[in-house]
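Subject: Structure handover

Hi,

Here is the structure I promised to pass on. Please open it alongside this message; my notes follow below.

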Amino acid sequence: MAGTERHDREMAIQAKRNLSKTTDPVERLRLKCLARGSAGIKGLGRVFRILDDDNSRTLDFNEFVKGLNDYAMMIDKEEAQEIFRVFDKDGSGTIDFDEFLVTLRPPMSNARKEIIMQVFRKLDRTGDGVITIEDLKGLYNAKHHPKYQNGEWTEDQVFKAFLDNFDSPYDKDGKVTTEEFMNYYAGVSASIDTDVYFIVMMKNAWKL
């Protein structure tokens, strides 16, 4: 998956470049997340989930601003209000953060979503909607990993490091959900122009 790291770097550079050209507040927030790499949007999602004490899956404006600050997103209050208004469609003073994250995710064609789900289903051997170390054990051989060979890591540590690629940088729990996987690849997808190339890359990377 070394190719993914390269795409990540390219995408972060591209996002920073595009930031200076756009005035749309939602697009600016999206680019600020992408400038942190593929896991940027997912990381923001994790911060919001931690703030959602009562599990309502909604945020009021103060929680929204606190989440942006906790994630070190430099956004002034007016811009934050503008973004909040876009998502608070019914004017209730709260936003649904699942909807917020889906909208923030760079748009992807159905063909791209389908290939991402094919990979997810391949990795999720137990079919419970979450990829874990146990799922990976039957699919991949950790013994070829250089850090396993030199005795630095155990087999579980090799798999955990692999899952950390898709996990949020702020809350690595060793489990990857469909949403996290999709958010990660939405980031990668943003740096790849054509569906054909994206699909070929995914098939090669995951031996589909």
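Confidence first. Among the elements of the chain, helix 7 (residues 110–123) has the highest mean pLDDT, at 95. Helix 1 has the lowest, at 75. Keep in mind that this is a predicted model. Over the chain, the mean pLDDT is 85. Residues at 70 or more make up 95% of the chain.

Next, the layout. The chain splits into two parts: domain 1 (2–17 + 27–104) and domain 2 (110–206). Domain 1 is therefore given as two segments, because the bounds come from an automatic or database domain assignment. Taken over C-alpha atoms, the centres of domain 1 and domain 2 lie 22 Å apart.

Now the interface. On the domain 1 side, 16 residues are in contact with domain 2. Domain 2 contributes 19 residues to these contacts. Together the two domains bury about 1600 Å² between them. Carbon and sulfur atoms account for 54% of that area.

The polar side of the interface is next. Two residue pairs are in polar contact across the boundary of domain 1 and domain 2, both at pLDDT 80 or more. Which elements of domain 1 give two or more residues to the side that touches domain 2? They are helix 1 (2–19), helix 3 (40–51) and helix 6 (97–104). Helix 1 supplies the largest share, five residues. Note that helix 1 is also the element with the lowest mean pLDDT. By type, the residues on this side of domain 1 are five nonpolar, five polar and six charged.

Finally, the salt bridges. Side chains of opposite charge can pair when their charged atoms come close. The whole structure holds 11 salt bridges. Between domain 1 and domain 2 the count is two. R49 pairs with E179 in a salt bridge, with the closest N and O atoms 3.3 Å apart. This pair links distant parts of the chain. R49 sits in helix 3, and E179 sits in helix 11 (residues 178–189). The two residues are 130 residues apart.

Over to you.

Best wishes

Methods
Residues are numbered from 1 along each chain as its sequence is written. Side-chain values use heavy atoms; hydrogens and water are left out. Contact means heavy atoms within 4.5 Å. Buried area is the accessible area (1.4 Å probe) that two parts lose on being put together, summed over both. A salt bridge is a side-chain nitrogen of Lys or Arg within 4 Å of a carboxyl oxygen of Asp or Glu. A polar contact is a pair of N or O atoms within 3.5 Å; within protein, one must be able to donate a hydrogen and the other to accept it, and residues adjacent in sequence count only if both atoms are side-chain atoms. Helices (H or I, at least four residues) and strands (E, at least two) are DSSP runs, numbered from the N terminus. Ala, Val, Leu, Ile, Met, Phe, Trp, Tyr, Cys and Pro count as nonpolar, Asp, Glu, Lys and Arg as charged, and the others, Gly among them, as polar. pLDDT is the predictor's confidence in each residue, from 0 to 100.
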